[in-house]
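I opened this model to look up a few things. My notes follow the display.

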Amino acid sequence: MTFWVAVAVALAVGLLGLLYLAGSFRQRRANEPPLDKGLIPWLGHAVYFRNDNMEFLKTMQKKHGDIFTTLIAGNYFTFLIDPFSFGAIVKEARSKLDFISFAAELVLRVFRFEANHESHKIIEVSSAKHLKGEGLVVMTQSMMDALQTVLFQWQGTSTEDPKSWKEDGLFHFCYNKVFRAGYLALFGIEPSDKQKEKSKKEDEQHTEDVFVEFRKYDKLFPRLSYALLTPPEWGQVKKIWNYFWQMLSVKNVYKKDNISRWVSDQSQQLAESGVSEEMRDRFMFLLLWAAQGNTGPASFWLLVNLMKHPKAMEEVKKEIEEVVKKSGQDPASRQKPFNVTKEMLSQTPILDSAVEETLRLATAPLLVRLILEDMDLKLHNGKTYKLRKGDKICLFPYLSSHMDPEIHQDPQAFKYDRFLSQNGNKKEFFKNGEKVKYYAMPWGAGTSMCPGRYFATNEIKLFAFLMLACYDLELINQQEKIPAINKTRYGFGVLQPMNDIQFRYRCRF
Ligand code: HEM
């Protein structure tokens, strides 16, 4: 009997120890944000959170106000909802709030790449050089050439009449075309020492294969990030990793022509800083993912919104036609390929506003920083809260700004001119009569702000420009509603639709 009592006591002590380690006994201390651990030890609110970030945070906000700490899968996350207080997080010194440690944990899980401050710096420096200023002019032209190939030349090789209607899912079409063009622009094309027709065919087949593999990974990505894959899914992920590590390996990529300086420079700098070839191959897949996982879905949301809002479509088309006319080009001309330059893209304020509105509606990143030391956080309302070392602090601008009806009236609606500047001044947004600085944050902010944002915007605009200037587009069922968003993708950049929507298109010339 005493033996079994001893076993029971040992088990109970063990269990209590585990719960202690899992943080289940944590109590809110003076001046800390409200604490909500949920009912399930260790897991806390993990299930609710990963199923629908937005709904979960709304519920918590109603219960606790604009700042609260929650337990999610063994970690404590403090959420700050008030957009007026975002500056305190975004501008805080890196020695107190660190983006890299949290990102590195995630990047290791989803890409098996060992990220650190040095690799982050390499991305930062190289992106400033090649995705801004003169570098951006070169990259925009490469994307234009690649879109020409993907949209017109490959189509030209088919036996079908280019002027006949073709049908596709709009999401599939946009993602496929933008992904394949972006891939060619960044990672290069088949070498030109082969026969031209042969290398073109190889690029066409190869990019389609890459897109298929990329989409398999893309669909598993949210559950992979939350470490929730089943064993067969794990098997699938490992296969996809191996496919990309091999295909994008340093050895293979350098066999291509026209590889972008953004990609080659980063690979070279990693090599110079002593990173192994195996890790550099993995880094290539990370770059592909960061660069190509969002622009295709964003292009879809832009086109679907324009197609469902005739006035917006009319205004954007009119603007594009004027820019084309001013450039002295004729898209119908067979003599010279139609070329949209970065300069032409700078003359489209209405399209710019429509893109910004699309990103407000469809981009929902979760911005996370690790708290490196106990610290005070002063909010806009004057209250100061204590934050604990080891916790994470998060912003979810989709709830705080993008969908706030006080900042953006009728926030669910697509208003193509919402961001259109008046009298040449940047549009301003207000809440309770006070100007809001962080009224939309599709690119994140501060140290982790997307380094590809200018190129991404140009990719989306180029695609829309070409589609609207050169194609007739129609939804198959004009009455069909814009598909609902897939809520499990909250937190991962540009959202995706629950289902596709069929459309037809034909070349106008
Ligand atoms: C609509 C398209 C895009 C959106 C909405 C987007 C959004 C974002 C966001 C929100 C982050 C920061 C994530 C965080 O704080 O954890 C990020 C990071 C990043 N983005 Fe983008 N992005 C887009 C396209 C691109 C493109 C085209 C490129 C490159 C060509 C790119 C390269 C990167 C890289 C390399 C990072 C990681 C930065 C780092 O770790 O230092 N992105 N992006």
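I am working from a predicted model, where local features need pLDDT of at least 70, side-chain atom pairs count only at pLDDT 80 or more, and totals for chains, interfaces and linings use all residues. Residues are numbered from 1 along each chain as its sequence is written.

I took helices as DSSP runs of H or I, at least four residues, and strands as E runs, at least two, numbered from the N terminus.

**Helix α19.** Is α19 largely enclosed or open? I find 13 of its 18 residues buried, so α19 is largely enclosed by the rest of the structure. Buried means 20 or more other C-beta atoms, placed from the backbone, within 10 Å of the residue's own.

**Partner α15.** Which residues of α15 meet α19? I noted Val-316, Lys-317, Ile-320 and Val-324, which meet Phe-465, Leu-468 and Ala-469 in α19. Contact means C-beta atoms, placed from the backbone, within 7 Å.

**His-45.** I found His-45 in the loop between β1 (35-36) and α2 (46-51). His-45 has 20 C-beta neighbours inside 10 Å, so it counts as buried. Not counting residues up to four places away in sequence, His-45 touches Gly-38, Phe-56, Thr-70, Leu-71 and Ile-72.

Conventions. A residue is buried if 20 or more other C-beta atoms lie within 10 Å of its own, exposed if 12 or fewer, and partly exposed in between; C-beta atoms are placed from the backbone. Two residues are in contact if their C-beta atoms, placed from the backbone, lie within 7 Å.
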